[in-house]
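Visitor: I'd like to learn how to read a model like this one, feature by feature. Can you walk me through it?

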Amino acid sequence: MHALLLGLAVLIGGYFLYGTFIEKIIGVDSKKVTPAYEKQDGVDFIPMPTWKVFLIQFLNIAGLGPIFGAIMGIMFGPAAFLWIALGTIFAGAVHDMTSAFISLRSGGASLPEIIGDQLGMKIRNTMRIFSLILMILVAAVFVVTPADLLAGMTPDYLDKTFWIVAIFAYYMLATLLPIDKIIGNFYPIFGFALLFMAAGILGVLIFGDIEIPAGLESGFFNRYPEETRDLHPIFPMMFVSIACGAISGFHATQSPMMARCLKNEKLAKPIFYGAMVAEGIVAMIWAAAAIAFTGGYEYLSDYMSQGNTAGSLVKDISMSWLGTMGGILALLGVICAPITTGDTALRSARLIASDFLKFSQNKLMKRVWLSIPIFLLTMGVMLIDFNVLWRYFAWCNQTLAVFTLWGVTVWLVRRGKNYLITLLPALFMTAVCVSYILFAPKPEGIGLPMEVALGIGLAAAAALLIIFIKTSVKSKYEYTGINSRAGE
């Protein structure tokens with residue numbers, strides 16, 4: 001219980017203290033006109049109520065990530081609680097807020113464009129391709145997952161193929177229609193349901209006769225079965241497994257979508273930093289619930305080895321602790337949450353493509369023509385084995401965060417601001433991503449020994465730091481803002 005309460009205190013305190021610190025560093029100006037008013041078009045640029053923007057942003061970045069990621073990641077032991085709390089405050093929330101703020105100052109530009117402004121045309125083009133691939137991977141993953149679940153809960157004639165077609169048809173509508181028609185109306189309901197379910201589980205953990213066997217007294221080592229423990233070193237594996245509950249590159253692709261709907265810059269902290277903190281809180285609650293419900297790490301491992309999934313555990317916990325209402329919320333959580341991640345992924349893909357093609361999106365047919373190749377690619381990717389998709393999605397997700405953090409760091413340097421707030425997490429996540437892809441077993445990674453992978457990962461981070469130091473002063477004094485979309 002102490003680990004949970006301490007983690008929640010760190011997250012809430014971090015929002016008020018470190019979030020305010022970040023707000024001052026980036027220079028929020030409540031008098032600046034936001035893109036929602038400056039470029040209002042009734043499709044993507046629409047001023048929306050703050051509470052609605054928050055819930056949409058929260059559901060955009062959350063989905064199943066903070067639930068499934070935390071449940072699977074808690075097998076890394078007490079270190080998982082530390083990573084969720086500290087990763088959210090010092091990395092994830094900073095990543096989300098700073099990238100969103102640059103988009104605000106860049107007329108609502110998408111992620112590849114704002115990072116390309118800072119890191120150059122080669123990185124811009126790399127980010128365009130990388131971001132589109134990630135969006136398509138996300139959409140494909142989150143068609144298959146809910147379709148499988150729905151097929152198991154409905155009559156045989158409503159099979160997996162039927163639900164894939166139905167879900168994808170919805171994705172197409174959500175991608176093409178103005179943001180306030182479907183996303184703006186339904187997302188707040190699902191976002192509230194996700195938060196309400198987490199609040200109910202937290203209430204049981206705190207006020208029920210529940211013991212949370214966090215295992216702090218036993219030390220910070222992973223709790224996988226001894227025969228597989230060496231395959232799951234905390235560094236780098238935990239930092240990729242627990243992504244959405246701490247830091248996720250996918251978030252930076254979603255933030256510009258809400259930056260186009262923000263009424264005032266002063267809302268950047270509660271919307272972007274706040275939504276990430278809310279996600280961290282949800283992840284912390286579900287990590288604690290997983291080991292509390294099953295009885296500990298060993299029992300959780302046994303539960304999962306019996307053919308159960310994270311989705312099964314969510315359903316069992318919800319039904320057992322929250323009753324009938326819990327079952328309804330679990331249904332919303334494990335089915336609606338992934339769907340509301342997939343649809344915004346495709347919408348983001350359309351916005352990313354329209355930005356670099358300079359293709360106006362004010363007419364429906366223009367949106368249709370631009371979206372057709374994206375839809376076709378997504379349908380093709382869905383034919384790939386799901387397990388392969390998921391493995392590469394996880395690594396691509398964190399690698400995108402690395403690009404984003406380095407881009408924001410350069411943006412801060414050019415304006416003479418405290419760049420350490422993003423440089424330190426950029427270095428850390430660089431080492432994580434390089435080490436992970438080198439250590440992970442084939443075909444997921446290269447399968448090098450841990451010592452070699454870690455050494456190369458640290459060397460890569462050190463090399464980028466040296467390059468950064470050599471070029472940062474030059475970048476600061478040569479920058480004029482003339483060629484930058486984000487210049488003030």
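This is a predicted model: local features need pLDDT of at least 70, side-chain atom pairs count only at pLDDT 80 or more; totals for chains, interfaces and linings use all residues.

Visitor: Let's start with charges. How many salt bridges are there?

Guide: The general idea first: side chains of opposite charge can pair when their charged atoms come close. With a cut-off of 4 Å between nitrogen and carboxyl oxygen, the count here comes to seven salt bridges.

Visitor: Which residue does arginine 347 pair with?

Guide: Aspartate 44, and the closest N and O atoms of that pair are 2.8 Å apart. Arginine 347 sits in helix H14 (residues 310–357), while aspartate 44 is in the loop between helix H2 (35–38) and helix H3 (50–62), so the bridge ties together parts 303 residues apart in sequence.

Visitor: And what does arginine 350 form with aspartate 44?

Guide: A salt bridge as well, with 3.0 Å between the closest N and O atoms. Arginine 350 also belongs to H14 and aspartate 44 to the H2–H3 loop, so this pair links parts that are 306 residues apart in sequence.

Visitor: Are arginine 350 and aspartate 44 buried or exposed?

Guide: Read that from relative accessible area, where buried means under 20%. Arginine 350 has 0%, so it is buried. Aspartate 44 has 4%, so it is buried too. Arginine 347 is likewise buried.

Visitor: How many residues of helix H11 are buried?

Guide: For helix H11 (residues 249–259) it's 11 of the 11, so the helix is largely enclosed by the rest of the structure. Among them are Phe250, His251, Gln254, Pro256 and Met258.

Visitor: At what angle do H1 and H12 pack?

Guide: You compare the N-to-C directions of the two axes. Helix H1 (residues 2–26) and H12 pack at about 165 degrees, and their axes are 10 Å apart. Angles over 145 degrees count as roughly antiparallel, so H1 is roughly antiparallel to H12. Their crossing is right-handed.

Visitor: Now the outside. Which residues form the nonpolar patch on the surface?

Guide: Leu82, Leu86, Phe90, Leu216 and Phe220, which together have about 460 Å² of accessible area. Take phenylalanine 90 as an example: this residue is in helix H5 (residues 79–105). Phenylalanine 90 has a relative accessible area of 41%, so it counts as partly exposed.

Visitor: Last topic, the backbone. What should I check there?

Guide: Most residues other than glycine have a negative phi, and most peptide bonds are trans. In this model, a cis peptide bond joins phenylalanine 235 and proline 236, with omega about 10 degrees. Proline 236 is placed in helix H10 (residues 234–241).

Visitor: What is phi of lysine 358 near?

Guide: It's near 55 degrees, a positive value in a residue other than glycine. Lysine 358 is in the loop between H14 and helix H15 (364–381). With 64% relative accessibility, lysine 358 counts as exposed.

Key:
Residues are numbered from 1 along each chain as its sequence is written. Side-chain values use heavy atoms; hydrogens and water are left out. Patches are made of residues with over 30% relative accessible area and no salt bridge: like charges are joined within 9 Å, nonpolar side chains (Val, Leu, Ile, Met, Phe, Trp, Tyr) within 5 Å. Accessible areas come from the Shrake-Rupley method with a 1.4 Å probe; for residues, only the protein chains shown count as cover. A salt bridge is a side-chain nitrogen of Lys or Arg within 4 Å of a carboxyl oxygen of Asp or Glu. Helices (H or I, at least four residues) and strands (E, at least two) are DSSP runs, numbered from the N terminus. Buried means under 20% relative accessible area, exposed over 50%, partly exposed in between (1.4 Å probe, protein chains only). Axes are lines fitted to C-alpha atoms, for helices over the stretch in contact, and angles run from 0 to 180 degrees between N-to-C directions. Angles under 35 degrees count as roughly parallel, over 145 as roughly antiparallel, 65 to 115 as roughly perpendicular and the rest as oblique. A crossing is left-handed if the near helix is turned anticlockwise from the far one by less than a right angle, and right-handed if clockwise.
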